[in-house]
Amino acid sequence: MNAQILPVAGAMKGARCPKVSLTSDGRTLTVTDKAGGRTTTLTPASLYRYDYSIDGSGKKSQVLTGVAALDPDGLVLLDLPGDWHLPHLRDFAAQAGIPLRDGRDDGSERTRRILAARAPGWERVRGIPVPRTARWNLALGVCAGVAGLGVMVYLGAIGMWGAWRGFSTFGRVLMELVEAKWLVVAFSPALLVVRPLLGGVRRWQAGRGLIVGPPGGPYLRMKSSRRLSVYRRSGVIAELPAERGSSILRYRHDDLSGIFLLDPTGNPLLHLPGRWDPAALHRFTERHGLGLAMHRIPRDEYLTLTTHCPQAFP
């Protein structure tokens, strides 16, 4: 038995070190998530060290890094986000006898396409413990919003709007330090009303086929210029032409699912893995004159589509 431990696994920028360890018995890897108490065993054909950019809030670019374990066809068996220390990773891969590919120069489009091509049984292990306050975030946010509304009304009533602006500025600085996103309603209490209203507007749009996809994204919206826009919370992350004859393929491959946008000749333009509601897709495609197909596809077709798809968002 030849067991090695990879001792260092860094984290995303601004996050703590993931509590993940890798051990090897020959080419068989055991991944232990100490934060979540899970253990996964797999035999990858190779490891892929990646980084790619995404648009963050305020149009700022954020770099995501990690390691993916790939099967012989290049499909992702396991995704391990984190800033893995490359020299340690190279030593570990060499001792385990698993090829390591450094994909940092591949470019964001190619990297996203590789990560979106998932193998059956695909998993993502972050190794970051869930904050204890996570389950109370909604209640804390509402209480903070009510308190913030009271402070805003009081300061406004006595003519001290300048004091409120200073209080809000202090709040933004505090949120950057403690990363407690629910605090935003304490310093912008109007969100208590605005957020439910926005949620209602979004459900109205989805019910009429104007948009399709989960609220946090990625979701789709058609522009009047016949361009299909892909949105996340930060805004538009991609735009593609939706010509006459274009269609959406909702696929299932073993336990995987997602959608491909196909051009009029059937070539894939966009891959968005995940769960997509068939009824919502039907409303969206019918409204905008797109074709819709729903199929369980075999492995060879899935490989062909993911390999030749120009854009993907894992």
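## Terms and model

Contact here means heavy atoms within 4.5 Å. The model is predicted: local features need pLDDT of at least 70, side-chain atom pairs count only at pLDDT 80 or more, and totals for chains, interfaces and linings use all residues. Residues are numbered from 1 along each chain as its sequence is written, and side-chain values use heavy atoms, with hydrogens and water left out.

## Ser-247 and strand β14

Ser-247 lies in strand β14; strands (E, at least two residues) are DSSP runs, numbered from the N terminus. Leaving aside residues up to four places away in sequence, Ser-247 touches Phe-260, Leu-261, Leu-262, Gly-291 and Leu-292.

The relative accessibility of Ser-247 is 17%, so this residue counts as buried (under 20% relative accessible area, with exposed over 50% and partly exposed in between, for a 1.4 Å probe and protein chains only). Strand β14 covers residues 247-253, and six of its seven residues are buried, so the strand is largely enclosed by the rest of the structure.

## The sheet around β14

Strands of a sheet pair through backbone hydrogen bonds, either parallel or antiparallel. Two strands count as paired if DSSP finds at least two bridges between them. An open sheet of five strands has the order β17-β14-β15-β16-β18, and its pairing is mixed. β17 and β18 (311-312) stand at the edges with a single partner strand each, so one side of each is left without a neighbour in the sheet.

β14 pairs with β15 (residues 256-262) in the antiparallel sense over seven bridges, and Leu-249 stands opposite Phe-260 in β15. These two strands form a hairpin with two residues between them, and Asp-254 in the turn has a positive phi of about 55°. β14 and β17 (residues 291-296) run parallel and are joined by six bridges; here Arg-252 stands opposite Arg-296. Further along, five bridges join β15 to β16 (residues 268-273), an antiparallel pair, in which Leu-261 has Leu-270 as its bridge partner.

## The cavity

A cavity is a set of points, on a 1 Å grid over the protein atoms alone, where a 1.4 Å probe fits but cannot get out; lining residues have an atom within 4 Å of a point. Grid points are joined across faces, edges and corners, and a volume is the space filled by probe spheres set on the points. One cavity of 30 Å³ or more is counted.

The largest cavity has a volume of about 60 Å³. Its lining includes Leu-22, Val-31 and Ala-68. The elements giving two or more residues to this lining are β3 (28-33), β6 (61-70) and β7 (76-81), and β6 gives the most, with three residues.

Definitions and conventions: Helices (H or I, at least four residues) and strands (E, at least two) are DSSP runs, numbered from the N terminus. On a 1 Å grid over the protein atoms alone, a cavity is a set of points where a 1.4 Å probe fits but cannot get out, and a pocket is an open set with protein on both sides within 12 Å along at least five of seven lines; lining residues have an atom within 4 Å of a point.
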